[in-house]
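Subject: Structure handover

Hello,

My notes on it follow below.

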Amino acid sequence: MSVRIWVSTLFDPVYRCGGWAYVRADGAELTGHAGGQRQTTAGGLGPLALATALADLDPKTPVTLHAAAPLRAAIAALPGHVAAGWRTPDNEPVADADLWKQLLPKLGARPITVLPAPEGKINPTAFADAWAELGRDKAKASGKAFASAIPKTNLAKVKGL
């Protein structure tokens, strides 16, 4: 059985801070985390969220990931980046390579299906969006990184799982 994960990231380029969140459904068990980072990039938030979502999963567990286009594209580009020594076609370093390198062992050889995030206002992605916004705002207000588990009582209210 595949574990389903919905990932959301939000970035504020003016303050260089962002938030991330994920919701994970492993059968009937629901888990989720949210966080925020200061002095980050838009592309660095996805690997943070995904690494957190995969941290305690068996490396052979199949995953179905629902994510926005930028994260889907970044995941699809990983094999090419590895083959090119983490350089772009213009021979520039790949942005956020350190975060992606840390994520690779968690991705491992697991079967992973990457799908678009569902649209609409009542679904797991919209729920994760709200938590990513909270993470971004907490990091922006405090000036430091933030991370927290999403309470199970909140997860129980997620529509569309």
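Helices (H or I, at least four residues) and strands (E, at least two) are taken as DSSP runs and numbered from the N terminus. On that basis the protein has 5 helices and 6 strands, and along the sequence they follow the pattern β-β-β-α-β-α-α-β-α-β-α. This is a predicted model, in which local features need pLDDT of at least 70 and side-chain atom pairs count only at pLDDT 80 or more, while totals for chains, interfaces and linings use all residues. Residues are numbered from 1 along each chain as its sequence is written, and side-chain values use heavy atoms, with hydrogens and water left out.

Overall form

The radius of gyration is taken over C-alpha atoms, and the globule rule is 2.2 Å times the number of residues to the power 0.38. For 161 residues a compact globule would come out near 15 Å, and the protein agrees, with 15 Å. Its C-alpha atoms fill a box of roughly 45 × 40 × 25 Å along the principal axes. Buried residues (under 20% relative accessible area; exposed is over 50%, partly exposed in between; 1.4 Å probe, protein chains only) make up 42% of the 161 residues. Counting contacts (heavy atoms within 4.5 Å) between residues at least 6 apart in sequence, 69% join residues at least 24 apart.

Cores

A nonpolar core is a set of buried Ala, Val, Leu, Ile, Met, Phe, Trp, Tyr and Cys residues joined through side-chain atoms within 4.5 Å. The largest has 24 residues, of which I5, V7, L50, L54, L65, W100 and L103 touch the most other members. Two or more residues of this core come from each of β1, β2 (17-26), α1, β4 (63-67), α2 and α3 (97-107), and α1 gives the most, with 6 residues. A second, separate core of 13 residues includes W6, A21, F127 and V158.

The buried residues of α1 are G44, L45, G46, P47, A49, L50, A51, A53 and L54. They pack against β1, β2, β3 (29-37), β4, α2 and α3. V7, leaving aside its neighbours within four places in sequence, is in contact with A21, Y22, A49, L50, L65, H66, A67 and L71.

L78 lies in helix α2 and is buried, with a relative accessible area of 4%. With neighbours within four places again left aside, L78 is in contact with W86, W100, L104 and L107. The C-alpha atoms of L78 and V7 are separated by 18 Å, and the two residues are 71 apart along the chain.

Pocket

A pocket is an open set of points on a 1 Å grid over the protein atoms alone, where a 1.4 Å probe fits, with protein on both sides within 12 Å along at least five of seven lines; lining residues have an atom within 4 Å of a point. The largest pocket has a volume of about 310 Å³. Of its 21 lining residues, T9, A42, A68, P70 and L71 are the closest to the centre. The elements that give two or more residues to the lining are β1 (3-12), α1 (42-54), α2 (69-83) and α4 (124-142).

D96 is buried, with a relative accessible area of 18%.

Regards

How values were computed. Points joined across faces, edges and corners; volume = space filled by probe spheres on them.
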